[in-house]
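I opened my notebook for a first look at a new structure.

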Amino acid sequence: MTSLSFPDDFVWGAATAAYQIEGAARDDGRAPSIWDTFSRTPGRVAAGHTGDVACDHYHRYPEDVALMASLGLRAYRFSVSWPRIQPDGSGPINPRGLDFYDRLVDALLAAGIDPLVTLYHWDLPQSLEDNGGWPARDTAYRFAAYASAVYGRLGDRVRSWTTLNEPWCAAYLGYGSGVHAPGRQDAAAAFRSVHHLLLAHGLAATALRAGGAGTVAITLNPAAVLPADPASEADAHAVRMVDGLHNRVFLDPLLAGGYPPDVLAHIERFTDLSHVHEGDEKTIGAPIDVLGVNYYSPTYVAARSGAPGGGGAYPGTEDIHFLPPSGPVTGMGWQIEPSALTTLLVRLHTDYPGTPLMITENGAAFDDTGPDHDRISYLDGHLRAVHAAIAQGVDVRGYLVWSLLDNFEWHDGYAKRFGIIHVDYETQRRTLKHSALWYRDVITRASLPA
Ligand code: FCB
């Protein structure tokens, strides 16, 4: 039987994020982040859940690293909690916060697992939000200083550095729709956040590079935006607008020299562009080595007069209908369509040539009442979609499952389980799901059955 083989040096791994798994919210000098404030505010997170304890990974990381090793993971993507390292977001560094990541990195290296560090996965120090948050330019400079401090401690052992995770969510969900921390609903603030997140990335990328970092990356959640009717010109126009707000506003300044004029014109309906300073686009366009791609589900849109549009997450998209999911969905209600991932990867490769890609998140929540065959099928389908893109010449360097562990799924709290490892939150007991064992076998063979 033939099989679908992946390249020899393909990176197989899993991903998590600090606030979603660490717990230990008040340990060793950590101060609150916007997610602590948000989750402790009644009505913001389902069932009033918080990340106070989460998976207690802060204390249980040796066991978690041992589980990763038992699955044969080659790489582990985790994020660093800014409020552990720099409790006020500026000023003194808290060495006890860095000590934790020092121990984690050493444990990973001892187990033969490559540590992939993400510097920002949404947990902005609350003090910085109190000073204006991402809509304020100063936050970008604070981020670069924090990034340098982390690099200064871990840079001798960590090769792979990612600045931001999904700035789309941080900006549009944090400041536009308000379903994420800090929960503001202000389109102008969301657009200014987009720019300051990108600037933060550019400043940090430059500093990391100057310090000798091996691989510098950013992770986006580029949307596979598709038309309801492929033959409709009006739908194609709707696709272009949503693609502009979601994808090109990030990808063009990162990889193509500057902001797209149509998107700038759109943004000017909500705020002037005085926050975009001379030289910023050059800073943002600092070369990167890898573009991280997080993918879960496609976005279908249609032109429809009177439609409400995508709300605060897509300011100014009135008269665009965002189609509800159809066909099979995950436990999040997200449409399952692996072929859209192939389409997305080919598009990134075509429109932004020369930048290697890495799937930094892909996975699914399901109810997990029995063996998680639905998750295996989701992962299998999406790995095939990645393989299909590679076969078409797209340079995809690796695949990281979201997530290693069940964890705090943002405003859904603990109800949604994405892990390939089950976590019993009462006892903190970890149990490998069927998908974990399946993934271990895929990694061992570096291939899927044809
Ligand atoms: C992504 C986030 C990640 C996780 C998955 C399900 O948008 O980066 O933290 O919540 O979605």
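**Ground rules.** I am working with a predicted model, where local features need pLDDT of at least 70, side-chain atom pairs count only at pLDDT 80 or more, and totals for chains, interfaces and linings use all residues. Residues are numbered from 1 along each chain as its sequence is written, and side-chain values use heavy atoms, with hydrogens and water left out.

**Ligand.** I looked up what surrounds the ligand and found Gln-20, His-121, Trp-122, Asn-165, Glu-166, Asn-294, Tyr-296, Glu-361, Trp-402, Glu-409, Trp-410 and Phe-418 (a heavy atom within 4 Å). Next I checked polar contacts (pairs of N or O atoms within 3.5 Å). Glu-409 places a polar side-chain atom 2.6 Å from a ligand oxygen. For Trp-410, the distance from a side-chain N or O atom to a ligand oxygen is 2.9 Å, and for a polar side-chain atom of Asn-165 it is 3.0 Å. The protein buries 94% of the 290 Å² that the ligand exposes when taken alone (Shrake-Rupley method, 1.4 Å probe).

**Backbone.** I kept in mind that most residues other than glycine have a negative phi, and most peptide bonds are trans. Trp-122, not a glycine, has a positive phi of about 85°; I found Trp-122 in the loop between β4 (114–120) and α6 (126–130) (DSSP runs: helices H or I, at least four residues; strands E, at least two). The Trp-402 to Ser-403 peptide bond is cis, with omega near 10°, and Ser-403 sits in the loop between β12 (396–402) and β13 (421–424). Another cis bond runs from Ala-181 to Pro-182, with omega near 5°. Pro-182 belongs to the loop between α8 (167–177) and α9.

**Helix pair.** How do α7 and α9 cross, left-handed or right-handed? I noted a right-handed crossing (the near helix is turned clockwise from the far one by less than a right angle). Residues in contact (heavy atoms within 4.5 Å) include Phe-143 and Tyr-151 of α7, and Leu-199 and Leu-203 of α9.

Methods:
Polar contact = N/O pair within 3.5 Å; in protein donor to acceptor, adjacent residues only side chain to side chain.
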